[in-house]
Amino acid sequence: MNKFETIEIKTDLLILGGGMAACGAAFEAAHWAKQNNLKVTMVDKAAIDRSGAVAMGLSAINMYVGLKDNDNTIKEYVEYVKNDLMGIARDDLVANIARHVDSSVHLFEKWGLPIWKDEDGKYTHEGRWQIMINGESYKAIVAEAAKNALKELGENGSYYERIFITEPIIDGNRCTGAIGFSVREEKIYIFRAKAVIAAMGGAVHVFKPRSVGEGLGRSWYPPFNSGASAYFTIKAGAEMTCQEVRFVPVRFKDAYGPVGAWFLLFKSKATNALGEDYMQTRAEELKKWAPYGLSKPTPANLRNYLMMLEVMEGKHPIYMKTDEAIKNIASEIEDPKQAKRKLKKLENEAWEDFLDMTISQALLWASTNVFPEEQPSEIAACEPYFISSHSGASGAWLSGPEDMAPDEYKWGYPQMTTAKGLFAAGDASGASSHKFSSGSFTEGRISAKAAISFCVDNPELPEINATKIEELKFQLLKPLEVFNEHKNYSNDKDINPNFVKPKMFMFRLQKIMDEYAGGVSTHFKTSAPLMKKGLEFLKYMKEDAEKLAAEDLHELMRCWENIHRLWQAESHIRTMLFREETRWPGYYFRSDFPAMKEDWKCFANCRWNPETKEWEMMKKEVIDLVD
Ligand code: SFD
Ligand code: AMP
């Protein structure tokens, strides 16, 4: 431990993460910081150019309201989001993002992101709210703008890459900074700040993935988003919301290629192995989940559920009829020459959709001789992820915008958690789903503007307690100490009765979540007895976390990633247990409470109390701002 250098950084605004939300925050913060002579610091565990969910690129921008060019309204967007989440959403937060998102998209275009255009010069829509892009360099383009904005602040703007944030620094109910370490050098970083924005993405690999063994690490959402946001906000004592809502996306099987372009742009159908369109043949089932079951589009979890019913009856594989979809579009063109040209264009677009954002799906197609225009491809439900920017909702409970939020949702600056000075955006903030890349960037901007106001109103840099910092440093490095102390006990560095390596720890967590909390193996089904047993095992895991061992900096990061996942897992089980109903079949199903309860239309919130170290569970009212 003594070898580690400690570096203390003092800043006004600290932005944690370097993804879409963090880049939005940096870009906006720079503008307001300049006017107020404030310092802004951004910290990412990776290299900002290719970090987070957009690392590989994306093929669409999935949140574009089109207020000017499409006549869509904010109200319609809020209704769309709320229906998709079975009636549970913070209208004020969603509306706030919706009214600003278009301007972010226009900035992306100005910075060089190619957006598809129709013959009339309008954006090409994938669906009503989604537009198509050539997005393999999306993240690099956005990162460049964020970094340039910070550079323009001169000495007042800085970013740190390859620094893994482990823990919040708190003083009572105030977040006063963060601690982390370099994944390349023996350095501990103490960041002291007046305001902090948590934007470290969602959580992947909490549940056992479908891809194990030779496929381990392949997932739809990026495996390097490992629950840091949830851990950070929970440990800071912030109230969390919707921790029961996991997102189970349907994806092309094994390489996790997204389905949106197929369903929306190519108007493809999915069928069971017998060729039956289960959205038609099982339409009756949707009535059970009214009113949301009958809303259009059908909520994502219910689309999943109808598919899962097929699988449970053994009527899979489930197929995306790519061949039929391509032929249908081409057949609309009468002139044979033009039809042939169109067919070629569609083939190209089909491949590009994956080469832009999920390259391994294109590789899998190539290596298994798939020609999407000639044969269908298998799709399947993935393992659950925690992500509030797509069709999930878990994250921190935030104060809403001053001009829209009802009093019950307002206690401070917009986007501030219930911990003073701590803000959240993107996958870190809850109950404002369907923000995707563009909405997350926009939410980062909104958070930064509010956080800078907080810095202006609270000009003193909070003190930090030196004894507490020493304790945090000790805990941070402990896995290295544990390894060094015991490494000679056995002749295999990975197998030792005195410690557990992070990979084994992760496997154990994933097995518990899979079997007790409704993972892939149990068809996403769970119950109170199962969850109580699962919680008991998680308690042992918390004890065993003290024995995590790291042989180098990379493994130290792996240890902390899994501690973060563990806390995300615990808050998830506790909230599913608290909410005695099934509201999101297709995401999870409670066999002991298989129906939706009307009187349970509420947010299920939770808080870990840093003083008592106990969890508190609470219901919060859903206040509808639109019908
Ligand atoms: O088709 C730490 N997403 C899509 N959004 C779209 O708009 N269009 C699409 O086409 C999308 N699709 C899609 C998407 C994602 C993925 C993986 C695929 C396909 C394959 C969703 C968006 O990408 C997503 O909504 C946003 O990126 C969310 O933004 P944000 O900022 O909440 O998360 P991030 O971008 O992943 O960034 C997280 C950052 O945190 C860092 N980090 N830093 C320090 N310390 C720690 N301990 C940290 N832990 C994490 C990360 O490095 C990263 O910088 S489609 O499927 O719908
Ligand atoms: P995905 O590729 O599944 O991440 O979806 C991209 C976008 O398309 C998101 O906005 C989804 O909500 C939407 N989407 C995907 N499939 C469907 C569908 N079958 N019906 C309606 N919207 C969909």
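How many aromatic pairs does a search of the whole structure find? The search finds 38. Rings of Phe, Tyr and Trp (its six-membered ring) pair if their centres lie within 6.5 Å; planes under 30 degrees apart count as stacked, over 60 as edge-to-face and the rest as tilted.

This is a predicted model, in which local features need pLDDT of at least 70, side-chain atom pairs count only at pLDDT 80 or more, and totals for chains, interfaces and linings use all residues. Residues are numbered from 1 along each chain as its sequence is written, chains are lettered from A and ligands numbered from 1 in the order in which they are written, and side-chain values use heavy atoms, with hydrogens and water left out.

**Aromatic rings**

Take Phe108 and Tyr138. Their ring centres are 5.4 Å apart and their planes stand at 70 degrees, so the pair is edge-to-face. The pair links distant parts of the chain: Phe108 belongs to helix α3 (residues 91-110) and Tyr138 to helix α4 (residues 138-151), 30 residues apart. Helices (H or I, at least four residues) and strands (E, at least two) are DSSP runs, numbered from the N terminus. Phe108 has 0% relative accessibility and counts as buried. Tyr138 is buried too, with a relative accessible area of 0%. Buried means under 20% relative accessible area, exposed over 50%, and partly exposed in between (1.4 Å probe, protein chains only). One aromatic cluster holds Phe27, Phe108, Trp111, Tyr138 and Phe441.

The criterion is NZ of Lys or CZ of Arg within 6 Å of the ring centre and within 35 degrees of the ring normal.

| Lysine | Ring | Distance to ring centre |
|---|---|---|
| Lys235 | Trp567 | 5.0 Å |
| Lys619 | Trp600 | 4.5 Å |

**Helix packing**

Helix α2 (residues 74-84) packs on α3. Their axes come within 9 Å and cross at roughly 130 degrees. Axes are lines fitted to C-alpha atoms, for helices over the stretch in contact, and angles run from 0 to 180 degrees between N-to-C directions. α2 and α3 are therefore oblique to each other. Angles under 35 degrees count as roughly parallel, over 145 as roughly antiparallel, 65 to 115 as roughly perpendicular and the rest as oblique. The crossing of α2 and α3 is right-handed. A crossing is left-handed if the near helix is turned anticlockwise from the far one by less than a right angle, and right-handed if clockwise. From α2, Ile74, Tyr77, Val78, Val81 and Lys82 make the contact; from α3, Asp91, Val94, Ala95, Ala98 and Arg99 do. Contact means heavy atoms within 4.5 Å.

Buried residues of α2 include Tyr77, Val78 and Lys82. Their cover includes α3 and α8 (300-312). Just after α2, Met86 takes a positive phi of about 55 degrees.

Helix α9 (residues 322-331) packs with helix α10 (residues 336-355) at about 145 degrees, with the axes 9 Å apart. This crossing is also right-handed. Ile326, Ile329 and Ala330 of α9 meet Ala339, Lys342, Leu343 and Leu346 of α10.

**Two loop residues**

Thr298 lies in the loop between α7 (278-281) and α8. Thr298 is buried, at 6% relative accessible area. Leaving out residues up to four places away in sequence, Thr298 touches Asp84, Met279, Leu286, Gly293 and Arg303.

Asn609 sits in the loop between β20 (602-608) and β21 (615-621). Asn609 counts as buried at 11% relative accessibility. Beyond its neighbours within four places in sequence, Asn609 contacts Glu614 and Glu616.
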